[in-house]
2 protein chains.
Amino acid sequence: MAQTDSSLASPKQIHIAVIGTGGVGSCFMLQLEYLYKQMCKRPSSPKLSLLLVARSSKIVYDQSYNGLPFEDITSRLENSDQTVLKLPEIVDYLTAAPSKSILVDNTSSQEVADFYPRFLEKGINVVTPNKKGFSSSMKLWEDIFLAASRSGAQVYHESSVGAGLPIISTLKDLVETGDEIIKIEGVFSGTMSFLFNSFAPVNGSGGKWSTEVTNAKNFGFTEPDPRDDLNGLDVARKLTILARLVGLPIQSPTSFPVQSLIPRELENVTDGNKFLQELPRFDAEMEQVKVAAENEGKVVRYVGSITVATNEIKVGLQNFDRSHPIAMLKGSDNIISFYTKRYGNSPLIVQGAGAGGDVTAMGVSGDLIKVIKSLC
Amino acid sequence: MAQTDSSLASPKQIHIAVIGTGGVGSCFMLQLEYLYKQMCKRPSSPKLSLLLVARSSKIVYDQSYNGLPFEDITSRLENSDQTVLKLPEIVDYLTAAPSKSILVDNTSSQEVADFYPRFLEKGINVVTPNKKGFSSSMKLWEDIFLAASRSGAQVYHESSVGAGLPIISTLKDLVETGDEIIKIEGVFSGTMSFLFNSFAPVNGSGGKWSTEVTNAKNFGFTEPDPRDDLNGLDVARKLTILARLVGLPIQSPTSFPVQSLIPRELENVTDGNKFLQELPRFDAEMEQVKVAAENEGKVVRYVGSITVATNEIKVGLQNFDRSHPIAMLKGSDNIISFYTKRYGNSPLIVQGAGAGGDVTAMGVSGDLIKVIKSLC
């Protein structure tokens, strides 16, 4: 089989190109080096060859396709004077590679995601935590999977929902084996999880809303401008991905109701710091929300849900009994519950850190291993 | 790629042989038929060909390798007068198949599991929920994976732990991407889960131990002889599998301490009914265990854990705070927590039904899809 089919004496080569070396990208590079070393130990494993590493304004790549050494790759990228390749040039470069290649997109760039169909139609496999390709227009989603099915190239994006947690693989298994998805519900944002677990804890009273948002920012749990978390778009994108995997034709992440936690008056203030300065004026509103939940014996949480039968997607505040798994979440954990016909009243639940460089990179590395295995 | 590599005009054929048509096997056959129909809809998909279905004393198979129709397969098996093939004959039959084949073992037979190396060394892939191959002697485990690595055949056994829950795939992803497993802890038995959630509920006082065991048996949550659950061996087998996947060289499921809940005096009574009649004599002992936990403000549960650094595996009773996820489990759910270096103090948790024909078969079907994809 794998070993005897090969007509070459040398082990199979698989080329890797990586775009993006930020928080996730830098963790991924370490995991890739680990994988490379593990595979070198097994003579029957394919040989990984790192062809290209790029970030917005820098690139290092091997024009002769021999592969780059892993050592000091980051500093060699920073010191590189190679002319940056545009995306069509990267497509051409990988298309001309002497064996199969995998593009790892560790950016959150719409521009890169828009190019996935071009990579895939050339037989270049794509692995990414970037939500944009799968949660923007329905046309891009269709183009991606049509290109993949035509060329046989593969596209994996486990970390686009819940970072390294097995969310997308689990949903695909449920759907492909013929289970009927009834409802998916959960806390999909590490930032929102942290904010509400602190603001409205199951035990104790929590702090003021603006204080908790400021704390979350200071702990590094929010985007540089916290409004990029509070607008709910990140959660809406994740639900768009899951709903499409179930088969619902969701046109865009703005085609269903998403409750923004940005007061209308603060939508247009110039920056995140100014926003945080003004936010205390609205603490009373959020306090009302908290107290209303408490009066029902509940706590408020920011959740997303997909009800398949009615094609209904909701993102926003909801009250939960204090003993509900969503209420009892800790820290910045995500929790996702799959209610299905087979699992009945007792959903299949996956819970754990849903953000962070290492765990997000782990989802990418796990996908990469799946593609590598399938190419052997 | 997949489509263009093929030198034949017709779609690739993949042969399936199924042994075992009991609770899991009968659910699996329905899911297999669903997969078959889905794949027929996609012209680029491989063609599944059902070659053989067998149970202990019956077999139906197609000597000319054209494949059996799915319709009424169960009644055709029951009415078949084909001479039952012995395992070496099934190996030979599948080895002579004109294209790649997958053996699905839906039995819990040690005899079939002992033959996995013979199937695998002939390039026949193996998919199974049967724990025996992976939790018996270390030699069998090694023979299985050595045979697989030599021939390139694959072996998947997701449902051997937690039924269809993504436990084994998650652990493999963690290990293969270089995370460090610190501890695995959980409730691994649907029977034990149901028993303790009823006997020592978080709210209320629960029933007598012997009453709860009798109820569990009447609800179909135990083996015909409840001692086969209460001896803890089922949980020990699951922990053996997980520990070996982490890299611990566990010789057998009896090479670490396992707390049996069968009173010594009742170990040798003739059958399960006699056992249940005698069990009330020991209610006071279990009541003491429950009260001792309550006096600490806790509840007692039957759990398993693997602590990697100390190579320590434990199976037995343990007390948990009432707000602990293990304490709050409902019904017959399993819960498995992975404590790892990357996930820190907040483990990756998977929870849900860990037993039942449909969800166990789902794990088998999910594995089957993975093998099929890799053969394309």
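A:Ile349 stands opposite B:Gln351, a residue of strand E11 of chain B. In this predicted model, strand E11 of chain A, residues 348-353, is joined to E11(B) by three bridges, and the two strands run antiparallel. The points below describe the rest of the contact between chain B and chain A.

**Extent of the contact**
- Chain B brings 45 residues to the contact, and chain A brings 45 residues.
- About 3700 Å² of area is buried between chain B and chain A.
- Carbon and sulfur atoms give 56% of that buried area.

**Charged and polar pairs**
- Four salt bridges are found across the interface of chain B and chain A.
- One of the salt bridges pairs B:Lys373 with A:Glu176, with 3.3 Å between the closest N and O atoms.
- Eight residue pairs are in polar contact across the interface, with both residues of each pair at pLDDT 80 or more.

**The side of chain B that touches chain A**
- By residue type, the side of chain B that touches chain A divides into 19 nonpolar, 16 polar and 10 charged residues.

Technical notes:
Residues numbered from 1 in each chain as written. Chains lettered and ligands numbered in written order. Predicted model: local features only at pLDDT ≥ 70, side-chain atom pairs only at ≥ 80, totals over all residues. Heavy atoms only, no water. Contact = heavy atoms within 4.5 Å. Buried area = accessible area lost by both parts, 1.4 Å probe. Salt bridge = Lys/Arg side-chain N within 4 Å of Asp/Glu carboxyl O. Polar contact = N/O pair within 3.5 Å; in protein donor to acceptor, adjacent residues only side chain to side chain. Nonpolar A, V, L, I, M, F, W, Y, C, P; charged D, E, K, R; others polar. Pairing = 2+ DSSP bridges. Helix = DSSP H or I, 4+ residues; strand = E, 2+ residues; numbered from the N terminus.
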